[in-house]
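Trainee: I would like to learn how to read this model feature by feature. Where do we begin?

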Amino acid sequence: MFSLNYRDARPIYEQVKDGLRHLVVTGAIQPGDQLPSVRALASALAINPNTIQRAYESLEAEGYLYTMPGKGSYASEQTGVNQDRRRRLLEQFDAAASELIFLGMTAEELALRVSGAKEGRV
């Protein structure tokens, strides 16, 4: 599925959340697919089940998955989730771009950076 980086400054639950979100967004986990149980994923990653539970709850709040009590967690349809996530990311992007321009970066440098991200070079 994904691996954890213990040297990463981000908390483990955020790494788990980002890893699962990436799998859902890229289609590796299809809408309706069941995610591993909290205990199974915690065991596979050798971390505390509470960490997995926290990541699952956060992803459910963001709309990436839903939980059926007694049955497990499943990937959600991405119709409205993508629009909301896109809006939030664009707000963050706008704030970062404004600050970078304030710090002396040119619009052309930003455009090159975006082009590089599109091509997977960033």
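Mentor: In sequence order the pattern reads α-α-α-β-β-α-α. Two cautions. This is a predicted model, where local features need pLDDT of at least 70 and side-chain atom pairs count only at pLDDT 80 or more, while totals for chains, interfaces and linings use all residues. Residues are numbered from 1 along each chain as its sequence is written, and side-chain values use heavy atoms, with hydrogens and water left out.

Trainee: How is the chain divided into domains?

Mentor: The bounds come from an automatic or database domain assignment. Domain 1 covers 12-76 and domain 2 covers 79-119. Their centres, taken over C-alpha atoms, are 27 Å apart.

Trainee: How many residues does H3 have, and what span is expected?

Mentor: The expected span of a helix is 1.5 Å times one less than its number of residues. H3 (residues 49-62) has 14 residues and reaches 20 Å from first C-alpha to last, close to the 20 Å expected.

Trainee: Which residues of H3 are buried?

Mentor: Cut-offs first: buried means under 20% relative accessible area, exposed over 50%, partly exposed in between (1.4 Å probe, protein chains only). In H3 the buried residues are Thr51, Ile52, Ala55, Tyr56, Ser58, Leu59 and Glu62. They cover an arc of only 160° around the axis, which puts them on the same side of H3; the arc is that of the directions from the helix axis to the C-beta atoms. Asn50 and Ala61, on the other side of H3, are exposed. The general idea: an α-helix has 3.6 residues a turn, so residues three or four places apart point the same way.

Trainee: What is found at the two ends of H3?

Mentor: At the start, a side-chain oxygen of Asn48 reaches to within 2.7 Å of the backbone nitrogen of Asn50. After H3 comes Gly63, with a positive phi near 95°.

Trainee: Which residue other than glycine has a positive phi?

Mentor: Ala46, with phi near 55°. Ala46 sits in the loop between helix H2 (38-45) and H3. Ala46 is exposed, at 65% relative accessible area.

Trainee: Is Lys17 buried or exposed?

Mentor: Lys17, in helix H1 (residues 12-25), is buried, with a relative accessible area of 12%. Contact means heavy atoms within 4.5 Å. Not counting residues up to four places away in sequence, Lys17 touches Ala55, Ser58, Leu59 and Glu62. A polar contact is a pair of N or O atoms within 3.5 Å; within protein, one must be able to donate a hydrogen and the other to accept it, and residues adjacent in sequence count only if both atoms are side-chain atoms. One of 3.5 Å joins the side chains of Lys17 and Glu62.

Trainee: Where does Tyr74 lie?

Mentor: Tyr74 lies in strand E2 (residues 72-75). Tyr74 counts as buried, at 14% relative accessibility. Beyond its neighbours within four places in sequence, its contacts include Gly32, Leu35, Tyr64 and Met68.

Note on methods
Helices (H or I, at least four residues) and strands (E, at least two) are DSSP runs, numbered from the N terminus.
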